[in-house]
Structure formats: structure tokens, C-alpha cells
Amino acid sequence: MMMELQRVLLLLSICFVNEIFCQHGSHAGYSRDRYPNPIKEPLLCGRERVEKSYVCDPDHVLDSQKKEAHQLDKLVAQIVNETGCPCSAYSCQQHREGYKIGIAIIQKMQFDDNNRHPDDDFDDSEANRRKVVGNLHQAQLYANDIYKRWMLGRCNEDVIIFYSHSDNAVYTATGEIARNKLTNQIVVDIARDARYSGFHKSPFEGLLRMVNDYRLVFLNSYHPRQPHAEEWKNGNFGVSLLKCKTAMILPSVILVLGFIWIN
């Protein structure tokens, strides 16, 4: 009997509102329904000379000269090989692979018309808030669609990390079995830490930090870090479900959390 899929989507939105980085620009990337699959379409994902991959970077956000996508792929493959099979005994007899993480990267999300929010009648703070809300919701849709179409796991032991570079958003979708270890709070802690320990350097450093921490979680070796001093400086780290209107219940989703940094 197929286990009913449940996913929790947690979003770390790295939005610097005062500098208005979260904007709906005219140069949109791949739509949700056309975003490629690195297992079936590695070339479309920018992964040359490989039969399959867990990393999709069609817009070449990562540095190909430094083989950043390859480094992420190696780490994901390591997780598959070194973590125990979390599925049923019968399934694990057939396939002994462990947890699987897919990484979907895009330069900028393509927005649906009904997700755009007119700004003309609002002041700057309200316009910024509406743009942030639009980014959160669209990232949610991307991650949800990619999770369903890639189908990396056999028993919902898979994870999708979705990253939109120009929109400054990282979104994690977890399958039910993966979530037994990679809980909501752990995802939040790791994403928050990656904001200050990785993404401020480069997309690769942020994603590498998250994937490696997820690896430690699945190996039962993860220890939460203390919040960075910048998070509390002048109160610039905030969690606001009501202000951002991100507590949305959608099909196959049981919780959505939004996190916003304001400089």
C-alpha cells in the first residue's frame, strides 16, 4: 500500500527589504512546469558529461570553472551511500540506498499573473511586504511542483532544496519519512545558519552548508549552532507569520513558515 505523501515546506526568504532586493523583474527564468529533471535531463540542468545528477542549475548560477555543481553532487551521492535505508524492510532488501536530496537552482522565478501585487497604491513598506509575500508563495509552488515531478525517493525519504538567486529565497520540501529526522525546527535552524555562514559569500557556499548539515542530521550527528550575532543586532532577525501572511495551507502541505531578514 502506497504511503500517503505529506510534505512540510519551510522557507528561508533571504530578503533585504530596505534595499528592495525582492523584486519581480522582467527577466524570468524557467516556469514551474518546464523546470528540468536532473535524473532524466542532466544536459538541460547544466550537468554535462554525467548520466544523471541530483543538482539542476539550468541558468548556471553556480561557478562551472570551480565545478561547484559537481561538488554538491558528490556530497549528495555520499549521503545516499552512507545513510541507512529508512524505508520498509522489504524495500530496503531491494534497494539499500539512504536519504536523497535534490537541489533545484534558478536565476529568477517566473511569476503567475495572480501572484503579482500592484504597488502603486501602497507606501514602500507595504509594497515591499507584498513583494516578499509573492516571492514566498511562488517559491512554495516551485518547490511543491519539483518535489512531485522529480520523485527521488521510494518511500518519501527525499528532500528538495529550491533556491532562487535573484529572489533571494531558499525553500526546503521534505517527504514524510525524511521529516522524521529532518524536523521543521531543524530545517529552520539550518536555513537560518546558512544565511549568515554561506549565502552571504555565494550561492554555492550556502547550499553546501545546508546539504552538509542535512547529512549530519540523517547521520544523527547534527548539533544546532548558536545564532550569529548579526541576527540579533538591532533586532534585525524576525519571524512574522501574520505580517508576511505565510501560514498558508495548500494541497499536500501542512505547514509553511516564512523568515525575513530586515537590514
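This is a tutorial dialogue on reading a predicted model of one protein chain.

Residues are numbered from 1 along each chain as its sequence is written. In this predicted model local features need pLDDT of at least 70 and side-chain atom pairs count only at pLDDT 80 or more, while totals for chains, interfaces and linings use all residues; side-chain values use heavy atoms, with hydrogens and water left out.

Q: How many helices and strands are there in the protein chain?
A: Helices (H or I, at least four residues) and strands (E, at least two) are DSSP runs, numbered from the N terminus. The protein chain has eight helices and eight strands.

Q: What percentage of the residues in the protein chain is buried?
A: A residue is buried under 20% relative accessible area, exposed over 50% and partly exposed in between, with a 1.4 Å probe and protein chains only. Of the 263 residues in the protein chain, 52% are buried.

Q: Which residues have the most contacts inside the largest nonpolar core?
A: In soluble globular proteins, nonpolar side chains tend to be buried together. A nonpolar core is a set of buried Ala, Val, Leu, Ile, Met, Phe, Trp, Tyr and Cys residues joined through side-chain atoms within 4.5 Å. Here the largest one has 51 residues, and Ile101, Phe162 and Tyr214 have the most contacts inside it. Elements giving two or more residues to this core include β3 (100–106), β4 (158–164), α5 (184–199) and α6 (203–218). The most come from α6, which gives seven residues.

Q: Which residues is Tyr214 in contact with, leaving aside its neighbours within four places in sequence?
A: Contact means heavy atoms within 4.5 Å. With those neighbours left aside, Tyr214 touches Ile101, Val159, Ile161, Thr172, Leu182, Val187 and Ile190.

Q: Are the residues of β3 and β4 buried or exposed?
A: In β3, seven of its seven residues are buried. Lys100, Gly102, Ala104 and Ile106 lie on one side of β3, with Ile101, Ile103 and Ile105 on the other. Likewise, seven of the seven residues of β4 are buried. One side of β4 holds Asp158, Ile160, Phe162 and Ser164, and the other holds Val159, Ile161 and Tyr163.

Q: How many bridges join β3 to β4?
A: Two strands pair if DSSP finds at least two bridges between them. Seven bridges join β3 to β4, and the two strands run parallel. Lys100 stands opposite Asp158 in β4, and Ile103 has Ile161 of β4 as its bridge partner. Ile103 is also the partner in β3 of Val55; β2 and β3 are parallel and joined by two bridges.

Q: In which sense do β4 and β5 pair?
A: Their pairing is antiparallel, over six bridges. Phe162 has Tyr171 in β5 as its bridge partner. The hairpin of β4 and β5 has four residues between the strands, and Asn168 there takes a positive phi near 55 degrees.

Q: At what angle do the axes of α5 and α6 cross?
A: Two packed helices are described by the angle between their axes and the distance between the axes. Axes are lines fitted to C-alpha atoms, for helices over the stretch in contact, and angles run from 0 to 180 degrees between N-to-C directions. The axes of α5 and α6 cross at roughly 145 degrees and come within 8 Å. Among the residues making this contact are Val187, Ile190 and Asp193 of α5 and Met210 and Tyr214 of α6.

Q: Why does Asp193 count as buried?
A: Asp193 counts as buried because its relative accessibility is 5%. Asp193 is in helix α5. Asp193 and Arg225 are 32 residues apart in sequence, with their C-alpha atoms 7.6 Å apart in space.
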